[in-house]
Amino acid sequence: MSKQGIRSVVAMDHAHVWHPFTQMRDWLGSRPIVLVSGKGSVLRDANGKEYLDANSSIWTNLHGHRHPRLDMAVRRQLAKVAHVSALGFANVPASRLASRLSREAGLPKVFFSDDGSTAMETALKLAHEFTRRTRRARARTRFVSMEGAYHGDTVGAVSLGHIDLFHRAYGGLLFPTDSVMSPYCYRCPFNRARPDAADARSYRKCNWECVGRFESVVTKASRHGKAHAAFVYEPVVQGAAGMIMQPDGWLQRVADIARGHGLLLVADEVMTGFGRTGGDGLFAGNNQDVVPDLLAVAKGLSGGYLPLAATLASQPIFDAFTGEYGEFKTFFHGHSYTANPLGCAVALESMKLLSSKASIRQRDLLASWMQRDLPRLWRHDAVGDIRVEGTLGAVELVRNRATRQPFHLAERVGARVCDAMARRGVLTRPVGNVVVLMPPYCTTAGQWGRIIEAIDDAMEELSPA
Ligand code: PMP
């Protein structure tokens, strides 16, 4: 693109585009990277500079950009029709995709929507209405979710979340939800070792105190006539909370307790779904033998191509919404682009790719490189913890490794490391003080080597303000 062309795009952006989760005063004072094309794990800007997409375009991309089979799936569908309504009509890709998703997840019904927030909003309404109709809750439906949870930005999804920084502004709009502690082993308030850690013996033995806390929140509520309708959680890794990786066994334990008290399980696999956390199946919870009642998926569902999401539901939940027309048990909810054929066509192709031997091998390799190379970063004093789950890597930065004292968020330490990585041709975004590495599955050994080099060098530059 010509210098003049780039200047004009930036001028229009600065004049009119309001960017998400962005302090626009900083943005208006910056020269943005204008991305124009991509191939595999590489993105190219308007000046022709290449970058590695080290967070898979905010956790969405799986097989790389412009994958020939995914491009072809969109083209094939485009030659037929781009969009038809799901209100009163079936379409071919949506039917096929629903059948495949249902088989993979072990849940029979699929309600399509547009993104992670709308998938969670759907789950919330279904859980609420199912509970009311089956009189599982005596009073109003109450939800319990995890400390630091992020489930999206619609008002219902925000109510389920517990990130004060994002949510405090909307207090007046939200309904109250309870929170339970996350199994954040690195910051374990009981000073226990991660139960599955290799060095567990050098710490005090974990007695699953966090699970005990979970049980007491759930039991207390039910004893006071305020039983929870559902437990809402991200299985295996809690993303925006800081890439908190749950120790093996935590999910089964809390799921058993929740079920024992009659709670529905509402799993948010918007980030963890489609193989990201490793394992044989495509869903993190299923790989731990925990099949929820409601499951929200988005992001990687379309391989990172188009906005598409789905909420999968169990048969009993579906049944609570069926009846004579005049009973008006219909699920009165949906969107104009629900079950969009272009999105469904590319999602179906992405799911086929995911089950191919080549893709499984790619994921295994990438995961093994992450396990092997990330410990290299321990040489930097600011590294407090290094976490890896499947093809998801996280580096938590701290002011003091011994005391685990965090940096103040206003210091933008995570963002500064990511800025320095961008100058070295590697793009990612932090969650607070945690640098996230989550490249597409097609990332090659050489490209992974460049990512690790970029973060290693960027950390050298870090001099806390
Ligand atoms: N749930 C989780 C676990 C997420 O990570 C996100 C997005 N980061 C959402 C929900 C919301 O998804 P979206 O941005 O597509 O609305």
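You are looking at a predicted model, where local features need pLDDT of at least 70, side-chain atom pairs count only at pLDDT 80 or more, and totals for chains, interfaces and linings use all residues. Residues are numbered from 1 along each chain as its sequence is written, and side-chain values use heavy atoms, leaving out hydrogens and water.

**Colour the two domains.** Select 33–66 plus 357–462 for domain 1, then 72–354 for domain 2; these bounds come from an automatic or database domain assignment. Taken over C-alpha atoms, their centres are 26 Å apart. The contact (heavy atoms within 4.5 Å) draws 34 residues from domain 1 and 28 residues from domain 2.

Next, pick R187 and E396, which form a salt bridge with their closest N and O atoms 3.0 Å apart. A salt bridge means a side-chain nitrogen of Lys or Arg within 4 Å of a carboxyl oxygen of Asp or Glu. The count between the two domains is one salt bridge. There are also 19 residue pairs in polar contact across this interface, both residues at pLDDT 80 or more. A polar contact is a pair of N or O atoms within 3.5 Å; within protein, one must be able to donate a hydrogen and the other to accept it, and residues adjacent in sequence count only if both atoms are side-chain atoms.

**Now select the ligand.** Its surroundings include W59, D115, Y150, H151, E234 and M271. Zoom in on S117, where a polar side-chain atom lies 2.6 Å from a ligand oxygen. A polar backbone atom of G116 is 2.8 Å from an oxygen atom of the ligand. For K299, look for a side-chain N or O atom 3.2 Å from a ligand nitrogen.

Definitions and conventions: Near = heavy atom within 4 Å.
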